[in-house]
Amino acid sequence: MQLDREPTTGVYIRSFRQGVLRLADRELTSPVILTATDVITAWTPPPIAAMSIDDFTPALEHRPELLLLGSGLRQLFPAPAVGMQIMRAGIGFEVMDTRAACRTFNVLVGEGRRVMAALLLE
């Protein structure tokens, strides 16, 4: 998936293919959390079925209005309790495949929204 119309500042996803996320200034090959201005590479989540609220701490500390979980090539969901805990904290939570999460992240960042994307690349 190739994305177009790159902004001049901030984090922007240029493309995603299985195992590789290409930003404006680098390629990443492991799970990552993105904000409009930061790239958090020190995120080592377990498989989705084993995820807990603690696995999202690096993202939740930023208090985004929306957290996108890109679950890889297919849409897979963590346990319902995970999403409920995030939403109880006043943060929106959406799960989608990583391609869709990349597109959504770029659009929302372009709108100036406080969005974060936790992206699995496999």
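The structure is a predicted model, in which local features need pLDDT of at least 70 and side-chain atom pairs count only at pLDDT 80 or more, while totals for chains, interfaces and linings use all residues. Residues are numbered from 1 along each chain as its sequence is written, and side-chain values use heavy atoms, with hydrogens and water left out.

**Overall form**

Along the principal axes, the C-alpha atoms fill a box of roughly 35 × 30 × 20 Å. The protein contains three helices and eight strands; helices (H or I, at least four residues) and strands (E, at least two) are DSSP runs, numbered from the N terminus. Their order from the N terminus is β-β-β-β-β-α-β-α-β-α-β. With contact meaning heavy atoms within 4.5 Å, 61% of the contacts between residues at least 6 apart in sequence join residues at least 24 apart.

Of the 122 residues, 46% count as buried.

**The β1-β2-β3 sheet**

Strands pair if DSSP finds at least two bridges between them. An open, antiparallel sheet is formed by three strands in the order β1-β2-β3. Strands β1 (13–17) and β3 (27–28) stand at its edges, each with a single partner strand, so one side of each lacks a neighbour in the sheet. Four bridges join β1 to the antiparallel strand β2 (residues 20–23), and R17 has V20 in β2 as its bridge partner.

**Two individual residues**

Buried means under 20% relative accessible area, exposed over 50%, and partly exposed in between (1.4 Å probe, protein chains only).

| Residue | Relative accessible area | Class |
|---|---|---|
| R63 | 45% | partly exposed |
| N106 | 13% | buried |

R63 is found in the loop between α1 (57–60) and β6 (66–70). Its phi is near 50°, a positive value in a residue other than glycine. Most residues other than glycine have a negative phi.

N106 belongs to helix α3 (residues 98–110). Between N106 and A24 there are 82 residues of separation in sequence, and their C-alpha atoms are 12 Å apart in space.
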